[in-house]
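Let's take a walk through this one together. Have the sequence and the 3D view open side by side.

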Amino acid sequence: MSEIYALDQYVEDLRRITRETDNEDEIISRVGPLAQRLAIEKDWLQQKHYEADAEHGFGVHLLHEEPDHTLAVFVVSAARSWRSPHDHGTWAVVAGVERVERNIHYSRVDDGSRPDYAELEVKHDFNADAGELICMKTGGIHAVRNETDCITLSLHTYGKHVNYTERSQFDLETKENKDFILQVE
Ligand SMILES: [Fe+2]
């Protein structure tokens with residue numbers, strides 16, 4: 001039987017891949033299968049990772065980041081909740097760990113000329129199950145909904161810790177575009 005793929009090995013692979021290329025398409029296509037494997041084998045998983053913030057309905061738990069905040073890996077738990085449309089300011093590879101989350105991906109349809117304003121249009125609306133991947137290049141916008149009463153878990157890998165990138169959260173009604181900082185456990 002092959003060895004379990006551990007978090008340390010994943011981080012080594014992330015370092016090697018991002019040393020070898022800065023092309024986001026290539027990074028995502030190489031990181032994706034590794035993230036899937038880590039998400040399925042989950043020897044990194046601890047009971048505390050299921051905890052979700054009562055106010056927002058989700059919990060963000062840091063597994064790894066480099067000293068310069070690059071190569072950040074999180075496990076995100078979510079109770080029934082809606083995570084508003086947002087971008088990440090970097091590339092993102094998300095792998096489902098436990099249960100199904102609805103992902104809604106958006107295109108920006110305004111011309112970007114007005115600060116703090118954005119018009120979004122739904123591009124793709126789908127359910128992502130455990131073991132499935134959601135990948136976005138810098139600028140990709142999505143929202144995530146847990147429509148069940150079960151806690152979901154997903155494994156998120158970003159080119160840079162998202163609290164150190166310039167990124168936004170979008171309000172679909174007011175069309176406001178605001179800074180977005182996560183509370184990380
Ligand atoms: Fe996201």
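We'll go from the metal site to the nonpolar cores.

A quick note on ground rules: this is a predicted model, where local features need pLDDT of at least 70, side-chain atom pairs count only at pLDDT 80 or more, and totals for chains, interfaces and linings use all residues. Residues are numbered from 1 along each chain as its sequence is written, and side-chain values use heavy atoms, with hydrogens and water left out.

Start at the iron ion, which is held by the NE2 atoms of His86, His88 and His142 at 2.1 to 2.2 Å. Donors here are N, O and S atoms within 2.8 Å of the metal (3.2 Å for Na, K and Ca), and because water is not among the atoms, sites may look incomplete. Along the chain the donors read H-x1-H-x53-H. His86 sits in strand S3 (residues 81-86) and His142 in strand S8 (residues 141-146), so the pair, 56 residues apart, ties together distant parts of the chain. Strands (E, at least two residues) and helices (H or I, at least four) are DSSP runs numbered from the N terminus. His86 is buried at 7% relative accessible area, and His142 is buried at 3%; buried means under 20%, exposed over 50%, partly exposed in between (1.4 Å probe, protein chains only).

Now for the nonpolar cores, sets of buried Ala, Val, Leu, Ile, Met, Phe, Trp, Tyr and Cys residues joined through side-chain atoms within 4.5 Å. The largest has 23 residues, with Leu7, Tyr10, Val31, Trp44 and Leu155 making the most contacts inside it. Its largest share, six residues, comes from H2.
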